[in-house]
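This report covers one protein chain. Please look through the sequence and the model before reading on.

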Amino acid sequence: MTHGGDVKRLPNDRWLEKQTDKNVHKLPVVRIVWLDSANTHGWRRPDDLKGTGLTEAQSVGFLYRNNEKEIQVVQSVDDSHNVGERLAIPRQCVTSVKRLQ
């Protein structure tokens, strides 16, 4: 994790440059491993909350945006250069990014 607003550098992420190419047919396919938050509703006994903390998640998609604050992937692209099903993940939650294609 980062402290004081510093941007977290991931190992071996030199290929991960700020994504600005809006030609969706040139977007790289990536797998992102990240920590997801957890939520419960209603009243609980403290013993009931064991093991309900952060969860490691994995998402695969077209790398749409990468900057100091977030990494965004989209699930689908079409011939008209539209994108669908965008997921934005805070950089502080990302533990690794691997280029798949």
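## Elements

The protein chain has 0 helices and 5 strands. From the N terminus, the elements run β-β-β-β-β. Helices (H or I, at least four residues) and strands (E, at least two) are DSSP runs, numbered from the N terminus.

This is a predicted model: local features need pLDDT of at least 70, side-chain atom pairs count only at pLDDT 80 or more, and totals for chains, interfaces and linings use all residues. Residues are numbered from 1 along each chain as its sequence is written, and side-chain values use heavy atoms, with hydrogens and water left out.

## The sheet

The 5 strands form an open sheet. Their order is β4-β3-β2-β1-β5, and the pairing is antiparallel. Two strands pair if DSSP finds at least two bridges between them. The edges are β4 (83–90) and β5 (94–99). Each has a single partner strand, so one side of each lacks a neighbour in the sheet. Neighbouring strands are turned by 35 degrees against each other on average, direction ignored. Here the axes are lines fitted to C-alpha atoms, and angles run from 0 to 180 degrees between N-to-C directions.

Strands β2 (residues 55–66) and β3 (residues 70–77) run antiparallel, joined by 4 bridges. Arg65 has Gln72 in β3 as its bridge partner.

## Surface and contacts

Of the 101 residues in the protein chain, 27% are buried. Buried means under 20% relative accessible area, exposed over 50%, partly exposed in between (1.4 Å probe, protein chains only). The accessible surface of the chain is about 7,400 Å² (Shrake-Rupley method, 1.4 Å probe). Carbon and sulfur atoms hold 46% of that surface.

Contact means heavy atoms within 4.5 Å. Among contacts with a separation of 6 or more, 60% join residues 24 or more positions apart.

## The nonpolar core

In soluble globular proteins, nonpolar side chains tend to be buried together. A nonpolar core is a set of buried Ala, Val, Leu, Ile, Met, Phe, Trp, Tyr and Cys residues joined through side-chain atoms within 4.5 Å. The largest one holds 10 residues: Val30, Ile32, Trp34, Ala57, Leu63, Ile71, Val73, Ile89, Val94 and Val97. Strands β1 (29–36), β2, β3 and β5 each give two or more residues to this core. The largest share, 3 residues, comes from β1.

## A buried arginine

Arg91 lies in the loop between β4 and β5. Arg91 counts as buried because its relative accessibility is 5%. The Arg91 side chain makes a polar contact with the side chain of Asn66 (2.8 Å). A polar contact is a pair of N or O atoms within 3.5 Å; within protein, one must be able to donate a hydrogen and the other to accept it, and residues adjacent in sequence count only if both atoms are side-chain atoms.
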